[in-house]
Amino acid sequence: MKTIKSILTLAVCAGVALTSCSEDQKLNTNQEQTVYNKKDLKFSYGNAFESFAKNTKKKHRLQVFQDINETLDGYRIAQVEIYDVAKSPEAIDNVTVIPIPDASSNEYRTGFRFFPNDPRRNGRDNLTYITVSEFSTSANGVASEQIFDDMYAVWENETNCNNVSIDKQDFSLDINGLPSSILSFGDEPLGPFADNNIIGYIPSFLFDAIGASASTLAVTFTFAFTDENGVSTDINGDGKIDTSHTEIWFNDSVNWSNDGLEPGSVDVASVALHEFGHSVGLDHSGTLLATFDNDGQFTGELNYVPTNVMNPAYIEKPKRDLAGDDNAIYCENFSAWPYY
Ligand SMILES: [Zn+2]
């Protein structure tokens, strides 16, 4: 007989908040080439990728982000969410652990928020995102651009407060260049191009370079606007730091899948939906249950309680439907949009 020995309030989605309080080439593409050649692309961007990794090698994660922030003007990295796969309590112990907010705290949003009509985002009352087509197919062949579109559409349309449009913006790697505020480190920073910038699948060594790991699935960076002194702003006075933009990476070395059914594979859609939730200001909710037998041995069984998309674990099965908590927390941010 199995008994539930303990509730593990562990997050395997490690958050690093960098608030103002705590620290104060063009790609030559062959027009006739319809099949994206990742080797050529990596060669083209190899210098940017490799110089980033070289510059950040062996530094502590916080130091990496502080160094990047010194190169940015008008905004800074404010939060980093690293999403790892959960397989066993032992695996969980090996990753940075943060507590999931207490259920009584009623605060499952991040401390950062886009606000409508922000003049620094051109006064728009919608949200935008881009995908990079050339980086949107994983190394193991999962074409994901449509999946990314579908998952932003879930947040846009499948809550009880679909007041905000989340619109795809035209983007061309060829014309616009690398749309990353992180990977331009060492060069003149570019962008941001859209509110939410899905960089796509990038090499595993870049995850190492930011202090993540080979088992990291994806990372979402949230950037905050800063004033002339480099301090994060809240110009609309809603108690949240004003989000400038976000940037989302997927680890190219993961065994990605478009259905998540094959053992050991990871469902792209489930991870994208979670990351995009962070990009629109949701934090984690829910807990993870581990089941132990009468001898106190872990049975290998982990379960979400409840099955929130924003529950910060991935347990080897797809999780594509918004739960009640996801809906409610999203609506805390957007039910009054575009007014507040
Ligand atoms: Zn997360």
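The following legends describe close-up views of a predicted model. Local features are taken where pLDDT is at least 70, side-chain atom pairs count only at pLDDT 80 or more, and totals for chains, interfaces and linings use all residues. Residues are numbered from 1 along each chain as its sequence is written.

**View 1. Packing of helices H4 and H7.** Helix H4 spans residues 145–157 and helix H7 spans residues 268–279; they pack at an angle of about 50 degrees, with their axes 9 Å apart. Helices (H or I, at least four residues) and strands (E, at least two) are DSSP runs, numbered from the N terminus. The axes are lines fitted to C-alpha atoms, for helices over the stretch in contact, and angles run from 0 to 180 degrees between N-to-C directions. H4 and H7 are therefore oblique to each other (under 35 degrees counts as roughly parallel, over 145 as roughly antiparallel, 65 to 115 as roughly perpendicular and the rest as oblique).

**View 2. Residues at the contact of H4 with H7.** From H4, Ile147, Phe148, Asp150, Met151, Tyr152, Val154 and Trp155 meet Val268, Ala269, Ala272, Leu273, Phe276 and Gly277 of H7. Contact here requires C-beta atoms, placed from the backbone, to lie within 7 Å. The residues of this contact comprise 11 nonpolar, 1 polar and 1 charged (Ala, Val, Leu, Ile, Met, Phe, Trp, Tyr, Cys and Pro count as nonpolar, Asp, Glu, Lys and Arg as charged, and the others, Gly among them, as polar).

**View 3. Surroundings of valine 219.** Leaving aside residues up to four places away in sequence, valine 219 touches Val80, Glu81, Ile82, Phe207, Ala212 and Trp249.

**View 4. A cis peptide bond at proline 338.** The peptide bond from tryptophan 337 to proline 338 is cis, with omega near 5 degrees. Proline 338 lies in the segment after helix H8 (324–334).

**View 5. Positive phi at lysine 58.** Although lysine 58 is not a glycine, its phi is positive, at about 65 degrees. This residue belongs to the loop between helix H1 (38–56) and helix H2 (61–71). Lysine 58 is exposed, with 7 other C-beta atoms within 10 Å (buried means 20 or more other C-beta atoms within 10 Å of a residue's own, exposed 12 or fewer, and partly exposed in between, with C-beta atoms placed from the backbone).

**View 6. Positive phi at asparagine 117.** Asparagine 117, also not a glycine, has a positive phi of about 65 degrees. The loop between strand S4 (112–113) and strand S5 (127–131) holds asparagine 117. With 13 other C-beta atoms within 10 Å, asparagine 117 is partly exposed.

Conventions: Contact = placed C-beta atoms within 7 Å.
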